[in-house]
Amino acid sequence: MARCCAIQCPVTTSKISSRPFDAVLCDLDNVIRFYDTTELAGLERGAGLAEGTTERVAFAPKTDLPLLLGEITREQWVESIVVGLAGQIPEAQARGLGTALANAPFHADGVVVDMLVQVRKHVPLVLVTNATVELEDDLVSLGLADFADHVISSARVGVAKPDQKIYEIAAGQAAVALDRCLFVDDRLENVQAAVRLGMTGVHYREPADLREALAIMLDR
């Protein structure tokens, strides 16, 4: 049985269509795109580090946020990871770990892509993602260059989730009121921020979560 994990916003008088929402705002990473960190994990074991150590350093706000706001390059981000790992392993080894993370291969989840393609036949689809300036090239690599009606990237708009502004930008691009948006993200704090603005939120953990929320628009 599918689990219901939609976080419902209060009903408002603006909800006049027969649909439960008029736009879908969806995260990219860990919803649509997934990374393969197998090589990184092997390097960490070889360096005597616990698996996930590099990612904890790399995705700490002080290290990650400048990259996601377009303020530093990916190469500079790797050097920040090296600094964060200082004292644990030699510099060259730390740089190898940072490089392995930065260059980790990725793929799109075909099941999720198919659902969102179906939904886009009915309502606008907006990708809302904390991403780097390389996002456009990444979408081409994934075969998703024309997948969404709009793409809101933190590195392009200069603000990152869960900041209220990025949600407002996304809803504005869809030309839909905030309380008529469905927002999907794997990070609970990002979903909660959307709900505070009146959106309906889905905390994504597996395709069944999305399938349940989008059921009314999916082909039977």
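1. In helix 9, which spans residues 164-174, the buried residues are Ile166, Tyr167, Ala170, Ala171 and Ala174. Because these buried residues fall within an arc of 135 degrees when seen down the axis of helix 9, they line one face of the helix. That arc is taken from the directions from the helix axis to the C-beta atoms. As background, an α-helix has 3.6 residues a turn, so residues three or four places apart point the same way.

2. A word on the basis of all this. This is a predicted model, in which local features need pLDDT of at least 70 and side-chain atom pairs count only at pLDDT 80 or more, while totals for chains, interfaces and linings use all residues. Residues are numbered from 1 along each chain as its sequence is written, and side-chain values use heavy atoms, with hydrogens and water left out. Buried means under 20% relative accessible area, exposed over 50%, and partly exposed in between, with a 1.4 Å probe and protein chains only. Helices (H or I, at least four residues) and strands (E, at least two) are DSSP runs, numbered from the N terminus.

3. What do the buried residues of helix 9 pack against? Their partners are strand 2 (23-26), strand 5 (125-129), strand 6 (150-153), strand 7 (181-185), helix 8 (154-157) and helix 10 (188-196). Contact here means heavy atoms within 4.5 Å.

4. Both ends of helix 9 have something to look at. At its start, a side-chain oxygen of Asp163 comes to within 2.9 Å of the backbone nitrogen of Lys165. A polar contact is a pair of N or O atoms within 3.5 Å; within protein, one must be able to donate a hydrogen and the other to accept it, and residues adjacent in sequence count only if both atoms are side-chain atoms. After helix 9 comes Ala175, with a positive phi near 60 degrees. Ala175 sits in the loop between helix 9 and strand 7, and at 70% relative accessibility it counts as exposed.

5. The peptide bond from Lys161 to Pro162 is cis, with omega near 10 degrees, and Pro162 belongs to the loop between helix 8 and helix 9. Asn30, although not a glycine, has a positive phi of about 70 degrees. Asn30 lies in the loop between strand 2 and strand 3 (33-35) and is partly exposed, at 39% relative accessible area. For context, most residues other than glycine have a negative phi, and most peptide bonds are trans.

6. Now the largest pocket, which holds about 990 Å³ of space. Its lining has 36 residues, with Asp29, Phe59, Asp64, Leu68 and Asn130 lying nearest its centre. Strand 3, helix 3 (61-68), helix 4 (74-84), helix 5 (91-102), helix 7 (135-142) and helix 10 each give two or more residues to that lining. The largest share, five residues, comes from helix 3. On a 1 Å grid over the protein atoms alone, a pocket is an open set of points where a 1.4 Å probe fits, with protein on both sides within 12 Å along at least five of seven lines, and lining residues have an atom within 4 Å of a point.

7. By class, the pocket lining has 16 nonpolar, 13 charged and seven polar residues. Asp138 is found in helix 7, counts as buried at 15% relative accessibility, and touches Arg33 and Phe106, leaving aside residues up to four places away in sequence.

8. In helix 10, Asn190, Val191, Ala193, Ala194 and Val195 are buried. Val191 has 0% relative accessibility, and its C-alpha is 5.4 Å from that of Gly201, 10 residues apart in sequence. Gly198, which follows helix 10, has a positive phi near 105 degrees.

9. Lastly, Thr53 in helix 2 (residues 53-58) is buried, with a relative accessible area of 9%. A polar atom of its side chain lies 2.6 Å from the backbone oxygen of Ala50. Beyond residues up to four places away in sequence, Thr53 touches Glu44, Leu85 and Gln88.

Methods. Grid points are joined across faces, edges and corners, and a volume is the space filled by probe spheres set on the points. Ala, Val, Leu, Ile, Met, Phe, Trp, Tyr, Cys and Pro count as nonpolar, Asp, Glu, Lys and Arg as charged, and the others, Gly among them, as polar.
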